[in-house]
Amino acid sequence: MISQENSSVTPVGAAAPLKRPGRPQPVTLRQVAEAAGVSTATVSLVVNKKKTARISDETRQRVRDAIRDLGYRPNAMAQTLVSGSSRFIGLVADAIATTPFAGQIIHGAQDEAWKHGYALLIANTEGNRELETDAIAMMLEYKVRGILYSTWFHRATDIPASLRESDFVLVNCFSTEPGSRAVVPDEVQGGRSATEILLKHGHRRIAFINATIPAPARDGRLQGYKEALAAEGIPFDAGLVLEAYPDQEGGYGATEELLKRDVTAVYCYNDRMAMGLYDGLREHGMSIPDDMAVVGFDNQEVIAAHLRPRFRRCPCPTTNLVRPACGCCWASMKRPPMPPQKYTVPVWNEPRYRHWRRPSHPHILGRFGISSAARPCAILGRTRSTLSP
C-alpha cells in the first residue's frame with residue numbers, strides 16, 4: 001500500500017496541479033544588435049542618444065525599430081552611471097499626508113516631470129529633520145536631476161545642508177541664503193484682488209478677518225487689502241481688521257465682533273475661516289449674501305463644494321506654484337545656475353456668479369441684491385493663481 005501522504009499518483013478525477021508561468025527573460029543588447037544587423041557598440045550609442053557618433057539615420061532607425069519590436073528596456077541605472085544624472089526629480093515636503101494642498105503639489109510636480117521625461121520621487125517628512133536628511137540622502141544616491149523642497153504654508157525656511165548637493169528649488173517657502181531659488185504666491189496681489197471683488201460690487205464698509213499666526217500671507221494679504229481700499233479713495237480703518245486663528249473655529253468665533261462693525265461685506269484670510277463664519281452668521285439669523293457678502297481665499301475644494309450657498313470650483317494656486325519651480329530645474333540643465341531669486345506667482349480673482357446688482361445704499365448694512373434668474377451664492381469671487389510666461 002502507498003500512503004496518500006507520500007504518493008505522487010494523482011487521484012482519478014482530480015485536476016492536475018497548475019504550473020506557474022516562468023518570468024520572461026529580458027531582452028539583451030546583443031539580441032537587439034543581431035535583429036538590427038549591427039554591433040552591440042552601435043546599439044549602445046543609439047540607446048544612449050550619442051548624437052556625435054558616426055551612425056547614419058537609416059541605421060539609427062533600424063536599431064530603434066528592433067528595440068520597439070523586441071521590447072528592449074535599457075538599464076536606467078547603467079545610464080545614470082554614465083551620465084551622472086538619473087531621470088528622477090525629487091519632492092521633499094513637510095506635510096504631504098495632512099494638508100489639503102499636498103495632492104495638488106504632487107499632481108502639478110508629476111505632470112511637469114512627465115512632460116520632460118522624468119519620474120517623481122516623493123518623501124513626506126512631517127517636519128522631522130532626521131527623516132528629511134535621510135530622504136534627501138536617498139534621492140542624492142539615486143542621482144536625481146533636481147529636488148523640489150516644499151512647505152505646507154508660505155514661510156521662511158532653513159535650507160538643509162545636503163540639499164545643496166543637487167539643483168534645488170524652494171516651493172511655497174523661501175530663504176535669504178545665497179544660492180537659493182524660491183517660487184511663492186504673490187500674497188499682496190492676492191489680497192488686493194479679493195478685496196476688489198467686493199469693491200466692484202459697491203461695498204465700502206468691508207471687514208478683513210486676518211490670521212493670528214505670523215506669516216508672509218498674513219502681512220501680504222493685509223497689505224493687499226489696504227492697497228485696494230486706497231485705490232478707491234477709501235481710508236483704511238484698523239477697526240475693520242479682526243484677527244482669529246485661521247480655521248473654522250476662528251471664523252465662527254469672529255462673528256460677534258464682526259457684527260459690531262456695521263459692515264456689508266467681509267474678506268476672510270482663508271476658506272476655513274469663511275466656513276466657520278457661515279455658521280456664525282446663520283446663528284444670528286443673517287442671510288448670505290443678502291445681509292453679508294463673504295469672500296474666501298485659498299480655494300480648498302472640499303470646503304467650497306459643500307457650503308450652501310455654494311462656491312463654484314476653480315483651479316488651485318498650489319498646482320501652479322510647482323510648474324515654474326520645475327522650470328528652474330529644466331533651465332539649470334541648459335545654462336549655469338541662476339542667481340538667488342524669489343519668483344512670485346500672481347493670484348487673480350475669478351468671479352463666481354455674474355448676476356449681482358450693486359446695493360442701492362452701499363453705505364448701510366443693506367441688501368445685496370440678486371437678479372431673479374440667479375441662484376443665491378455666498379461668494380462673489382474666489383482667488384486662484386496664474387502662471388507668468
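Which residues point one way from strand E8 (residues 265-268), and which point the other way? The answer comes in the third view below; let us start with the whole chain.

**View 1. The whole chain, with its 13 helices and 12 strands.** Welcome to a predicted model, in which local features need pLDDT of at least 70 and side-chain atom pairs count only at pLDDT 80 or more, while totals for chains, interfaces and linings use all residues. Residues are numbered from 1 along each chain as its sequence is written, and side-chain values use heavy atoms, leaving out hydrogens and water. Helices (H or I, at least four residues) and strands (E, at least two) are DSSP runs, numbered from the N terminus. Of the 389 residues in the protein chain, 48% are buried, a word that stands for under 20% relative accessible area, with exposed over 50% and partly exposed in between (1.4 Å probe, protein chains only). Take the contacts (heavy atoms within 4.5 Å) between residues at least 6 apart in sequence: 72% of them join residues at least 24 apart.

**View 2. An open sheet of 6 strands.** Follow the order E2-E1-E3-E4-E5-E10, where the pairing is parallel; two strands pair if DSSP finds at least two bridges between them. At the edges lie strand E2 (119-124) and strand E10 (341-345), each pairing on one side only. From one strand to the next, the twist averages 25°. Strand E5 (residues 181-185) joins E10 over 5 bridges in the parallel sense, and Ala-182 has Lys-342 in E10 as its bridge partner.

**View 3. Strand E8 and its two partners, E6 and E9.** Here is the answer to the opening question: Ala-265 and Tyr-267 point one way, Val-266 and Cys-268 point the other way, and all are buried. In a regular strand the side chains alternate between the two faces of the sheet. Strand E6 (residues 206-211) pairs with E8 in the parallel sense over 4 bridges, with Cys-268 in E8 as the bridge partner of Ile-209. Strand E9 (residues 293-295) also pairs with E8 in the parallel sense, over 3 bridges; there, Val-294 is the bridge partner of Val-266.

**View 4. Two buried cysteines, Cys-173 and Cys-268.** Cys-173 has a relative accessible area of 0%, and for Cys-268 the value is 0% too. The structure holds 0 disulfides, counted as pairs of cysteine sulfur atoms within 2.5 Å.

**View 5. Helix H1 (residues 29-36) packed on H2.** Their axes are 8 Å apart, at an angle of about 105°, which makes H1 roughly perpendicular to H2. Angles under 35 degrees count as roughly parallel, over 145 as roughly antiparallel, 65 to 115 as roughly perpendicular and the rest as oblique. Axes are lines fitted to C-alpha atoms, for helices over the stretch in contact, and angles run from 0 to 180 degrees between N-to-C directions. Leu-29, Arg-30, Val-32 and Ala-33 of H1 touch Thr-40, Val-43 and Ser-44 of H2.

**View 6. Helix H2 (residues 40-47) against helix H3 (residues 57-70).** This pair packs at an angle of about 85°, with axes 10 Å apart, so H2 is roughly perpendicular to H3. On the H2 side you will find Thr-42, Val-43, Val-46 and Val-47, meeting Thr-59, Arg-60, Val-63, Arg-64 and Ile-67 in H3.
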